[in-house]
Amino acid sequence: MFVPCGDSAPDLTGFTLLMPAVSVGNVGQLAIDLIISTLNMSKIGYFYTDCLVPMVGNNPYATAEENSTELSINAEVYSLPSRKLVALQLRSIFIKYKSKSFCEKLLSWVKNTSCARVIVLSSSHSYHRNDLQLRSTPFRYLLTPSMQKSVQNKIKSLNWEEMEKSPRIPEIDDSELCIRIPGGGITKALYDESCSKEIQMAVLLKFVSEGDNIPDAVGLVEYLNEWLQIIKPRLQSDDPTASSLPWKIPSSWRLLFGSGLPPALF
């Protein structure tokens, strides 16, 4: 499934894998974009899979004309060995009935490469929140049992809120309680599969609505940064709306909402 850019596969033993779920608002994917761009992570390979809709495009993290013509595809892997971080970026949707197969193959790769843990950045429909969730922070987390053993104390110190269980059948109070992530794409499938395979996984998500989801992505990476300390906070800015962390916006975001209106229209 994984095809390295070089002659041999890189050693990812003990690395933390960061990846998005293709979920509402594409928040997880935007967040991974910010991480790859800010840390200037190097591409080490890609996933050759029939589970995702094929796509190809220019280098989304181009910094100069020289590297702007490099091609990118639907599932690419980047790494930062100095921080033991590896990031998987997904850029297209899943082909019908193929998402479960992708989850199984991905987690098999995680085990084979001896990655220490997986962190999934995701989102969920804000209109599915219950009254308690409406009155609290829009961020939630989930930990697999094997992950809880190693990071539970750290997570508790952050005063984060765990994703609540809700009735399996909405509107029926005595229905069995379970974890539901509406609009979360493969998030729940990845979480359940990781629980059964005893893989250390954390899910960080935000309740969002479709629209301009850049602020949601920035919020999600700052939420992650509270835990991993990927980058250090910068000095206070005079602009109260500015992010307190120096995230680097990828060059590809200039066309996030398409090109500008042609002057000929006016």
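# Exercises on helix packing and residue exposure

The buried residues of helix 6 pack against strand 2 (16–20), helix 1, strand 8 (117–125), strand 9 (139–143), helix 4 (145–157) and strand 12 (201–208). The exercises below concern this predicted model.

## Exercise 1: Helix 6

Determine which residues of helix 6 are buried, and how far helix 6 reaches from its first C-alpha to its last.

Solution. 

Step 1. Helix 6 covers residues 214–228, which amounts to 15 residues. From the first C-alpha to the last, helix 6 reaches 21 Å, close to the 21 Å expected at 1.5 Å a residue.

Step 2. A residue is buried when its relative accessible area is under 20%. In helix 6 the buried residues are Asp 216, Ala 217, Val 218, Gly 219, Leu 220, Val 221, Tyr 223, Leu 224, Asn 225, Trp 227 and Leu 228.

Step 3. Because 11 of the 15 residues of helix 6 are buried, this helix is largely enclosed by the rest of the structure.

Step 4. After helix 6 comes Gln 229, with a positive phi near 55°.

## Exercise 2: Helix 1 and its contact with helix 6

Describe how helix 1 packs against helix 6, and state which residues of the two helices meet.

Solution. 

Step 1. Helix 1 comprises residues 27–39, that is, 13 residues. Its reach from first to last C-alpha is 18 Å, close to the 18 Å expected at 1.5 Å a residue.

Step 2. Since 13 of the 13 residues of helix 1 are buried, helix 1 is largely enclosed by the rest of the structure.

Step 3. The axes of helix 1 and helix 6 lie 8 Å apart, and the two helices pack at an angle of about 65°. The crossing of helix 1 past helix 6 is right-handed.

Step 4. From helix 1, the residues in this contact are Val 27, Gly 28, Leu 30, Ala 31, Leu 34 and Ile 35. They meet Ile 214, Asp 216, Ala 217, Val 218, Leu 220, Val 221 and Leu 224 of helix 6. By class, the residues of this contact comprise 11 nonpolar, one polar and one charged.

## Exercise 3: Helix 2 and helix 5

Decide whether helix 2 and helix 5 are oblique or roughly parallel to each other, and classify the residues of their contact.

Solution. 

Step 1. Helix 2 spans residues 99–113 and helix 5 spans residues 187–196. Their axes come within 10 Å and cross at roughly 45°.

Step 2. Angles under 35 degrees count as roughly parallel, and 65 to 115 as roughly perpendicular. Helix 2 and helix 5 are therefore oblique to each other.

Step 3. Helix 2 passes helix 5 with a right-handed crossing.

Step 4. On the side of helix 2, the contact involves Lys 100, Cys 103, Glu 104, Leu 106 and Leu 107. On the side of helix 5, it involves Ala 189, Leu 190, Glu 193 and Ser 194. Five of the residues in this contact are nonpolar, one is polar and three are charged.

## Exercise 4: Positive phi in loops

State where Asn 40 and Glu 198 lie, and classify the exposure of each residue.

Solution. 

Step 1. Asn 40 follows helix 1 and lies in the loop between helix 1 and strand 3 (42–47). Although Asn 40 is not a glycine, its phi is positive, at about 50°.

Step 2. Residues over 50% relative accessible area count as exposed. Asn 40 has 59% relative accessibility, so it counts as exposed.

Step 3. Glu 198 occupies the loop between helix 5 and strand 12. The phi of Glu 198 is near 55°, a positive value in a residue other than glycine.

Step 4. At 66% relative accessibility, Glu 198 likewise counts as exposed.

Conventions. Residues are numbered from 1 along each chain as its sequence is written. This is a predicted model: local features need pLDDT of at least 70, side-chain atom pairs count only at pLDDT 80 or more; totals for chains, interfaces and linings use all residues. Side-chain values use heavy atoms; hydrogens and water are left out. Axes are lines fitted to C-alpha atoms, for helices over the stretch in contact, and angles run from 0 to 180 degrees between N-to-C directions. Helices (H or I, at least four residues) and strands (E, at least two) are DSSP runs, numbered from the N terminus. Angles under 35 degrees count as roughly parallel, over 145 as roughly antiparallel, 65 to 115 as roughly perpendicular and the rest as oblique. A crossing is left-handed if the near helix is turned anticlockwise from the far one by less than a right angle, and right-handed if clockwise. Contact means heavy atoms within 4.5 Å. Ala, Val, Leu, Ile, Met, Phe, Trp, Tyr, Cys and Pro count as nonpolar, Asp, Glu, Lys and Arg as charged, and the others, Gly among them, as polar. The expected span of a helix is 1.5 Å times one less than its number of residues. Buried means under 20% relative accessible area, exposed over 50%, partly exposed in between (1.4 Å probe, protein chains only).
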